[in-house]
Every structure is written in C-alpha cells, then in structure tokens.
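Work through the exercises below with the sequence and the model in view. Try each task before reading its solution.

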Amino acid sequence: MEDMPRGRFVIMTVGMTHSGKTTFAIELEKVLQQDAVVIDQDNHAAFINAHYMKLRPSEGPNTLKFSITNTIVAYAVEHSHMHIILSNSNLHEPSRRNVLRYFQEKGFKRILVYFDLPFHLLEERVEKTQRKNKIFRNASSFSEVLDRQRDSKQDQPGLEEADYLFVIKDPRDFPVILGQIRDLCMDNERREQL
C-alpha cells in the first residue's frame, strides 16, 4: 500500500486459555481506537466450524484456520495503517519467532504481552466460563484445553523475541499495561511525524 504510515506495532498475546488474552486485546483495541485491529484465531475457528466443517482437517494442524488467519494478517499489513493485535495462545517459541520475524521484515515494532497468571486462577475461570465451545476441533471443554496446555511444552517469552515485553501476573495489571502500550504507540507516531 503506497503512503503507508510507518511505525506500526504488532502486539502479540502469549498465555494459556482463560488468562485474559481476548479481553485484553479488545480493551487495547478500544484504547488505540481506529488505529488498531484485533486478529483472533478463535473467531476463525468458530467461522470454520459454523460454515465449513466439511473442510476442516480431522487430524494434524488446522491448516484451514491458519490460512484464514494468514490471509487476514497479510491484508491488514498491506492494506491498512493499523497496529495489529494478535490474540491467541502463542505458547511455542519457534512459531512466535516466525510470526514476529514476518512483522519485523514488514517494518513493525514488536510487543509481546505474556499472561503469567497462577494456574489455580485459570482453573477457577474455566470452571465458571460462559464461553461457547464452538471453536473446538479436538477438545470437548476448556478444562481439557487447559490440561493439555499445562502438560505440553510451553516456552516463556523473552525480551530477545521482541522490542518490548510486558508480563501480566494479575488481572489488575491490565490498566497499567494498556496505558504503557498506548503511550508507546502514541510516542512512536509523534516521532514518525517529526
């Protein structure tokens, strides 16, 4: 896209189910107003399950979901001026690095937001959840997803992966970190205009 404003950010959430990633992403989008868009793979999974169940792979990686996500990401990168908020678990470092490398090559600054909440809090949230399970392909409940995530290899993000790293250990940290990210985006925009 010609005349694309420079100095955009990609903000990637990292964390287990029910850690607050989607809530945080939606709030960040509101804080950044018209300058940001949330791209959430759960929405893509629900769309596939509602309209294209026959095309969904029964085993292995959900390549259809990833293809939809990649198409939306590429469109947002090439045809918008917005900061991009990637809201999904992103628990595995090699995958995160690949995605973040793509954004770095496109001139984005990279922010990681790691949701490092106590496991007992995640268990409580899963027990009380009102979220629909329309996004599932292989799990029957969010409790099963949480157990799988706990038992799988997870790579805690490090500052070497991005330009900025924020760690959320308590949901009460949200407002402060939302404000810090807003300030980073605004300061960067001002510098770009000079």
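**Exercise 1: the sheet**

E2 pairs with strand E3 (residues 83-87) in the parallel sense, over five bridges. Pairing requires at least two DSSP bridges between two strands. Strands (E, at least two residues) and helices (H or I, at least four) are DSSP runs, numbered from the N terminus. This is a predicted model: local features need pLDDT of at least 70, side-chain atom pairs need 80 or more, and totals for chains, interfaces and linings use all residues. Residues are numbered from 1 along each chain as its sequence is written, and side-chain values use heavy atoms, without hydrogens or water.

Task: find the bridge partner of Asp40 in E3.

Solution. Go to E3; Ser87 is the bridge partner of Asp40.

Task: give the strand order and explain why E2 and E5 stand at the edges.

Solution. Step 1: the open sheet has five strands, ordered E2-E3-E1-E4-E5, with parallel pairing. Step 2: strand E2 (36-40) and strand E5 (164-168) each have a single partner strand, so one side of each lacks a neighbour in the sheet. Step 3: the twist averages 20° from one strand to the next. Angles run from 0 to 180 degrees between N-to-C directions, with axes fitted to C-alpha atoms, for helices over the stretch in contact.
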